[in-house]
Amino acid sequence: MAKQQREQREPRELRDEREELDERVIDIKRVAKVIKGGRRFAFRTVVVVGDGQGRVGVGIGKARGVPDSIRKGTERARRSMRKYALSGTTIPHPVTARYGGAEVLLKPAAPGTGVIAGGGVRAVLEAAGVRDILTKSQGSNNLLNVAMATLTALEQLRSPEEMAAMRGKDINSVRPFWERRKPEAVTNE
């Protein structure tokens, strides 16, 4: 009954957008708060939401029950979604980022390579719509820190147009080699 009322209140565009987003729960941990009578247990979930076209967000939800914590994490991830610069199915240039003890290296890859990543890095990149990339995760393997390090790396990305303007070069000189346009051959007639 309450779900039907909620659906009636939401505009149709929001419901359609909600259906096309890629939601992934990447981590569920049981956490404890020490109180006078002992410990009070709850669950912390890390959720990644993306549209597959460059927008992605990570949310953390905490609640006494797992479904409530997943719902909270999903809502926070939707609110934190941001657009990141992609170059086709990969990223425009290599980038490294740290978050806490986790360090992530992202390198562009040629079409057909696939997502060479594990755990939290794979979830964030696939939700963002990256299909060809090479990655390396070093340091801490805490899934929350790895996912946040991946987001930090995505924030550092600049489009090829921005990079060319910053360096004062031609746009083809800053693109990956497989995306460079070949100059048209001059035919002698």
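Reader: Does Arg71 count as buried, partly exposed or exposed, and at what relative accessibility? What is it?

Author: This is a predicted model, in which local features need pLDDT of at least 70 and side-chain atom pairs count only at pLDDT 80 or more, while totals for chains, interfaces and linings use all residues. Residues are numbered from 1 along each chain as its sequence is written, and side-chain values use heavy atoms, with hydrogens and water left out. Buried means under 20% relative accessible area, exposed over 50%, and partly exposed in between, with a 1.4 Å probe and protein chains only. Arg71, at 42% relative accessibility, counts as partly exposed.

Reader: With which residue does the side chain of Arg71 meet in a salt bridge?

Author: A salt bridge is a side-chain nitrogen of Lys or Arg within 4 Å of a carboxyl oxygen of Asp or Glu. Arg71 meets Glu75 in this way, at 3.4 Å from N to O; Glu75 is partly exposed at 36% relative accessibility.

Reader: Which residue forms a salt bridge with Asp27?

Author: Asp27 pairs with Arg44, their closest N and O atoms being 2.9 Å apart. Asp27 counts as buried at 8% relative accessibility, and Arg44 counts as buried at 14%.

Reader: How many salt bridges does the structure hold?

Author: The structure holds nine salt bridges, and one of them joins Glu126 and Arg24 at 2.8 Å, N to O.
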